[in-house]
Amino acid sequence: MPANLTPQYYEAEKNYRQAKNPSEKILALETMLAIMPKHKGTDKLRADLRRKISQLKEDTLKKSGGKRGQLFDVIRSGAGQVVLIGFPNSGKSQLVGRLTQAKPDVGEYPYTTHSPVPGMMEYQDIKIQLVDIPSILDESARGWLINVVRNADALLMVVDLSDEPETQTALLLEELEKYKIKPDWTVNAEEVVFLGKKMMIVGNKLDAAAAAKNFLPFQEKFSAFHPIAVSAAQGKNLESLRNAIFTFLKITRAYTKTPGKEPDLKHPVILKKGSTVLDFAAEIHKDFAEKLQYARIWGSEKYKGQRVQRDHLLEDGDIIELHI
Ligand SMILES: Nc1nc2c(ncn2[C@@H]2O[C@H](COP(=O)(O)OP(=O)(O)OP(=O)(O)O)[C@@H](O)[C@H]2O)c(=O)[nH]1
Ligand SMILES: [Mg+2]
């Protein structure tokens, strides 16, 4: 079976051939893998790519003297994974320490954090994973760090409001762009070279001198990133930040109900905003999706057990009874 590769694939392959270092090579190979059609004809190619990627990662690790397992992938857990990025000393560790049970080291000196520290942030009936990482400006960590950043569901940029937040943001975006990562709303579908990421900004150290004054113009300029001002040290505005992180992940929670029984309100099924009854069914079991006839739905005012079709759009909090 022919592989039927797209022009975008060949472009990524060209980037691979021209890559100047292992990080760029990994990046290009991951792009190739992501856009390659998945069918029998590409099985071997995809396996080759995966092997090359893991070999490159291994080589980089050996060179950096890093410990295996600790470095590359932070195991995803909960309803979404948000990675905190920022300048050294902006307060990333302090924030993760405040919002989760994790206890990352907080230090007065830059580059306190050396390896990722994941923590779970409880939000109503779900948990969202926050990952504290070293500053992406830490050159010694970059090779593996960028993979953690690329794998995240969303990025939370932490800037110090008392110290030129606009410059920090501009430099962070520039740094990300070097690694072919841009805010998702700026990347169009054809631009496969760039990986679009959900990005949001939190301005920290609101308690510090000039921070509140700096925040207003900053908020206006970077409104696309929905900036929120907090003080991690004083625990100020952290509730708004929790809400904002949840909203920003665009999660829809849906609850299962078996006919004749009470709904299971303890274990929401996590879906993307814009998901349908069919997506919900598929998430529960492949067979459900195939055999689904219709569903009954309880939710906002409008729905009190009505029959709906498989393409019915779900809203956060809906309860669904599947009929197959
Ligand atoms: N005034 C003030 N200081 C803060 C706040 N949050 C953190 N800090 C201080 O800023 C310094 C750096 O905090 P960290 O949380 O270690 O910063 P980080 O971004 O994790 O730094 P690296 O790990 O080095 O990249 C520490 O001295 C904190 O006490 C805040 O809201 N207000
Ligand atoms: Mg830190």
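Q: Through how many residues does a hairpin join β10 to β11?
A: The model is predicted, so to speak of local features requires pLDDT of at least 70, side-chain atom pairs count only at pLDDT 80 or more, and totals for chains, interfaces and linings use all residues. Residues are numbered from 1 along each chain as its sequence is written, while chains are lettered from A and ligands numbered from 1 in the order in which they are written. Strands (E, at least two residues) and helices (H or I, at least four) are DSSP runs numbered from the N terminus. β10 and β11 pair in the antiparallel sense over four bridges, and the number of residues in the hairpin that joins them is five.

Q: Which residue in β12 is the bridge partner of I297?
A: I297 and A295 make up the covered face of β10. Five bridges link β10 to β12 in the antiparallel sense. In β12, the bridge partner of I297 is I320.

Q: Why is one side of β9 and of β11 left without a neighbour in the sheet?
A: The five strands form an open sheet with mixed pairing, in the order β9-β8-β12-β10-β11. β9 (264-272) and β11 (304-308) each have one side without a neighbour because each has a single partner strand and stands at the edge.

Q: Which residue in β9 is the bridge partner of I251?
A: Strand β8 covers residues 251-257 and runs antiparallel to β9. Five bridges join β8 to β9. The partner of I251 in β9 is K272.

Q: Which residue in β4 stands opposite L84?
A: Strand β1 (residues 81-86) pairs with β4 in the parallel sense over five bridges. The contacts of L84, not counting residues up to four places away in sequence, include K92, L95, V96, L130 and D132; contact here requires C-beta atoms, placed from the backbone, within 7 Å. In β4, the residue opposite L84 is L156.

Q: How many of the seven residues of β4 are buried?
A: β4 (residues 154-160) is a mostly covered strand, and it pairs with β6 (residues 195-204) in the parallel sense over seven bridges. One of its residues, V159, has G203 in β6 as its bridge partner. A residue is buried with 20 or more other C-beta atoms within 10 Å of its own C-beta, exposed with 12 or fewer, and partly exposed in between. Of the seven residues in β4, the number buried is six.

Q: Why does D132 count as buried?
A: D132 is found in strand β3 (residues 126-132). Its contacts, not counting residues up to four places away in sequence, include L84, S93, P104 and T113. D132 counts as buried because the number of its C-beta neighbours inside 10 Å is 26.

Q: How far apart in space are D132 and G97, C-alpha to C-alpha?
A: In sequence, D132 and G97 are 35 residues apart. In space, their C-alpha to C-alpha distance is 9.1 Å.

Q: Which helix gives the most to the shell around ligand 1?
A: The shell holds 24 residues, the closest being G91, S93, Q94, T113 and A233; a residue is near a molecule if its C-beta atom, placed from the backbone, lies within 6 Å of it. Three residues of the shell come from the element that gives the most, residues 92-99, which is helix α4.

Methods
Two strands pair if DSSP finds at least two bridges between them. Two residues are in contact if their C-beta atoms, placed from the backbone, lie within 7 Å.
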